[in-house]
Amino acid sequence: MKLKLDIDPDIVAMMAAEVAAGERAVTAAMREAGTGLKSAWRLQITGAGLGPRLANSIRSQNFPRSGESLDAAALVWSKAPVIVGAHDTGPLIRSKDGFWLAIPLPAAGKSLRGGRITPGEWERRRGLRLRFVYRRAGPSLLVAEGRLNTKGQAVVSRSKTGRGKVTAPIFLLVPQVKLPKRLDLARDADRALDSVPGLIVANWADQRF
């Protein structure tokens with residue numbers, strides 16, 4: 001007995017169309033999931049009070065960069081991974097040299113490079129010497145003798161009589177500090193991952209109707 005199999009050209013075309021529809025559906029689903037995760041992470045960061053600049057460090061990229069594929073993927077990352085990661089994990093921070101962490105107080109002002117000022121930079125800019133004050137009942141201090149300007153920052157006193165001169169606390173000294181966990185990036189990542197099958201089905205169905 002001989003069997004002859006003829007493949008209907010219409011079936012071949014239908015199979016090719018299904019594959020193409022699948023490629024479009026998977027690619028669209030991964031694009032939506034990646035964009036959604038980027039938006040969710042940015043919203044988390046701004047909601048935690050960490051500012052739009054850090055939120056905008058969250059970026060996404062779709063693969064393939066052009067065209068469609070059943071192996072499409074989305075990558076979401078931060079251009080400031082150390083900072084974002086620290087707020088995500090809440091690490092214990094210690095001084096690199098094993099001594100103190102200097103936490104600037106309002107009288108210290110800001111660094112010229114942005115962020116927190118260091119004791120060395122503060123002394124160079126203000127022209128004042130910092131003095132160590134040990135406190136048994138609380139964090140020790142670095143203080144300076146000067147006056148407070150209109151911004152509440154310690155500066156050199158020009159008064160010959162000593163009027164307005166104060167001993168201003170400039171830095172708190174602590175052996176370590178526990179950064180509070182302010183983000184939960186894994187939560188949003190899991191939600192994005194769980195949404196992918198539904199997005200594929202939805203995008204595939206949209207192409208049928």
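A salt bridge is taken here as a side-chain nitrogen of Lys or Arg within 4 Å of a carboxyl oxygen of Asp or Glu. By this rule, the structure has six salt bridges. The model is predicted, so local features need pLDDT of at least 70 and side-chain atom pairs count only at pLDDT 80 or more, while totals for chains, interfaces and linings use all residues. Residues are numbered from 1 along each chain as its sequence is written, and side-chain values use heavy atoms, with hydrogens and water left out.

**Salt bridges**

- The side chains of Asp 188 and Arg 191 form a salt bridge at 3.8 Å, N to O.
- Both residues of this pair, Asp 188 and Arg 191, belong to helix α5 and are three residues apart, about one turn of the helix; helices are DSSP runs of H or I with at least four residues, strands are runs of E with at least two, and both are numbered from the N terminus.
- Through salt bridges that share partners, Arg 187, Asp 188 and Arg 191 are joined into one network.
- Within it, the side chains of Asp 188 and Arg 187 meet at 3.5 Å, N to O.
- Asp 188 is buried, at 8% relative accessible area, Arg 187 is partly exposed at 35%, and Arg 191 is exposed at 54%; buried means under 20%, exposed over 50%, and partly exposed in between (1.4 Å probe, protein chains only).
- A further salt bridge links the side chains of Glu 123 and Arg 129 at 3.6 Å, N to O, and Arg 129 is exposed, with a relative accessible area of 67%.

**Surroundings of Ala 189**

- Ala 189 is located in helix α5, which spans residues 185–206, and is partly exposed at 27% relative accessibility.
- Apart from neighbours within four places in sequence, Ala 189 contacts Leu 37 and Trp 41, where contact means heavy atoms within 4.5 Å.
- Ala 189 and Gly 36 are separated by 153 residues in sequence, and their C-alpha atoms lie 9.7 Å apart.

**Nonpolar surface patch**

- Phe 99, Trp 100, Phe 132 and Tyr 134 make up a nonpolar patch on the surface, with about 500 Å² of accessible area together; such areas come from the Shrake-Rupley method with a 1.4 Å probe, and for residues only the protein chains shown count as cover.
- Patches consist of residues with over 30% relative accessible area and no salt bridge, with like charges joined within 9 Å and nonpolar side chains (Val, Leu, Ile, Met, Phe, Trp, Tyr) within 5 Å.
- Trp 100 sits in the loop between β3 (92–94) and β4 (101–104) and is partly exposed, with a relative accessible area of 39%.
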